[in-house]
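Okay, thanks everyone for coming. I'd like to walk you through one model today, so let me put it up on the screen.

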Amino acid sequence: MRRKSQVRQSVAVSAVLLALLFILPLLVVVPFRTALFGRESPVDETEGEPFVSGDLDGETVLRVLDGESVLEMDLGEYLVGVVRAEMPASFQMEALKAQAVAARTYTLYKIQTGGNHGDTAEICTDSTCCQAYIAEERARANWGEAAEENERKVEEAVTGTDGQVVLYGGVPILAVFHSSSAGLTRAAGEVWLNDLPYLQAVTSPEDSDSIPNYYSRIEFTAEAFKQKVLAAYPEADLSGSVSGWLRDAVVDGAGSVAAVSVGGVTVKGSSLRSTLGLRSACFTWEAEDGKLVFFVTGYGHGVGMSQYGANAMAAAGTDYREILTHYYSGVTVEPYQLAGFTKRGEM
Ligand SMILES: [Zn+2]
């Protein structure tokens with residue numbers, strides 16, 4: 001009897017020890033496992049931390065048309081993709097923040113005014129329709145060695161301005177932007193059909209030395225010029241000497257061509273710019289040996305925020321709010337959210 005109970009006792013002790021042998025390591029490891037992997041899937045070291053939007057941007061969920069497919073993402077995730085595509089990540093942080101706020105504002109303006117995609121999506125990734133957008137993987141491939149730092153900067157520009165929007169009269173503005181101007185931006189009415197009170201001509205501190213192709217030159221043979229212009233303006237009379245084809249240019253305060261007579265037809269400088277593929281409407285021309293040579297300053301339509309101007313302001317110590325209130329007249333920069341766009345799963 002005694003031996004039996006001794007045996008039973010030692011079996012019990014062994015069992016307890018054996019159990020402890022398995023349980024003890026778990027007691028040590030499990031809390032770490034929870035901390036590491038409890039809420040999120042394992043982190044891929046090469047891709048950095050997954051992006052998490054700020055509280056306000058995270059509340060707004062968008063359907064983003066990307067080619068044939070519709071991607072669902074929150075406003076912050078979408079804006080990171082837009083800033084990656086629309087501004088060099090090497091720019092100053094305050095310029096990147098101004099870009100993030102301009103892109104957020106443009107997005108909300110599009111949604112509020114009905115957008116281009118009906119019931120399919122709020123916005124798309126086509127730069128000629130809505131705004132350019134680049135997914136993280138592709139951006140990293142383009143950036144190469146600078147990928148980690150660039151991605152971190154772009155994400156900070158978005159989260160650091162969470163929910164901030166440019167407002168005029170309390171509503172989001174048409175926050176258009178361009179690459180570089182000729183030292184002055186242009187009023188919307190000089191370029192497009194309608195004037196807008198917040199899109200006026202303002203000074204822009206472009207640092208021409210640091211801007212690639214700030215001054216560009218493009219030449220057309222008489223035949224090439226004729227072909228392009230007649231396709232757009234069939235009524236233009238392009239007979240006689242090349243030197244007489246363009247005349248009576250009306251130049252606006254920013255040095256851009258507001259209007260010009262092309263073969264007797266008066267066209268907007270911005271229209272001729274797109275017909276000929278000039279980098280901006282800030283151009284002069286010369287007739288040389290039966291050719292037309294154009295000298296162009298800056299890049300883009302010249303309306304709203306100049307990205308290189310914003311970068312120069314940021315380098316001089318200006319913050320993103322001041323940059324935005326400089327380029328957009330009479331506006332405020334405030335937190336703003338659209339009603340009716342809720343968290344994922346609640347749509
Ligand atoms: Zn679109």
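Let's start with strand E4, residues 164-168, and strand E5: two bridges join them, and they run antiparallel. Within that pair, Leu-167 sits opposite Pro-172 of E5. This is a predicted model, by the way, so keep that in mind as we go.

Zooming out a bit, E4 and E5 belong to an open sheet of three strands, ordered E5-E4-E14, with antiparallel pairing. Which strands stand at the edges? That would be E5 (171-172) and E14 (332-335); each has a single partner strand, so one side of each is left without a neighbour in the sheet.

Now, what packs on this sheet? Helix H4 does, touching E4, E5 and E14, and the direction of H4 makes about 60 degrees with that of E4. H4 covers residues 93-112, so to speak, 20 residues in the helix. From first C-alpha to last, H4 reaches 28 Å, close to the 28 Å expected at 1.5 Å a residue. Just after H4 you'll find Gly-114, with a positive phi of about 100 degrees.

Okay, next sheet. Here we also have three strands in an open, antiparallel arrangement, and the order is E7-E12-E11. The edge strands are E7 (215-221) and E11 (283-288), each pairing on one side only. On average, neighbouring strands in this sheet are turned by 20 degrees against each other, ignoring direction. Helix H8, residues 222-232, lies across E7 and E12, and H8 runs at about 95 degrees to E7.

Strand E12 spans residues 291-297, and six bridges join E11 to E12 in the antiparallel sense. Glu-288 stands opposite Lys-291 in E12. In the loop between E11 and E12 you get Asp-289, and its phi is near 45 degrees, which is positive in a residue other than glycine. Is Asp-289 buried or exposed? Exposed, because Asp-289 has 9 C-beta neighbours inside 10 Å, and the cut-off for exposed is 12 or fewer.

Asp-248 is exposed, with 9 other C-beta atoms within 10 Å. For context, most residues other than glycine have a negative phi.

One hairpin before I wrap up. Strands E1 (residues 61-66) and E2 (residues 69-74) pair antiparallel over six bridges, with Leu-62 opposite Met-73 of E2. Two residues lie between the strands of this hairpin, and Gly-67 takes a positive phi near 65 degrees there.

So, the overall picture. The protein has eleven helices and 14 strands, and 38% of its 347 residues count as buried. Among contacts with a separation of 6 or more, 67% come from residues 24 or more positions apart.

And how confident is the predictor? Mean pLDDT is 87, with 84% of the residues reaching 70 or more. Over residues 25-45, though, the pLDDT is below 50, and that stretch has two contacts in the model beyond near neighbours in sequence. Where pLDDT is low, the predicted coordinates should not be read in detail. That's it from me, happy to discuss.

Methods. Residues are numbered from 1 along each chain as its sequence is written. This is a predicted model: local features need pLDDT of at least 70, side-chain atom pairs count only at pLDDT 80 or more; totals for chains, interfaces and linings use all residues. Two strands pair if DSSP finds at least two bridges between them. Helices (H or I, at least four residues) and strands (E, at least two) are DSSP runs, numbered from the N terminus. Axes are lines fitted to C-alpha atoms, for helices over the stretch in contact, and angles run from 0 to 180 degrees between N-to-C directions. Two residues are in contact if their C-beta atoms, placed from the backbone, lie within 7 Å. The expected span of a helix is 1.5 Å times one less than its number of residues. A residue is buried if 20 or more other C-beta atoms lie within 10 Å of its own, exposed if 12 or fewer, and partly exposed in between; C-beta atoms are placed from the backbone. pLDDT is the predictor's confidence in each residue, from 0 to 100.
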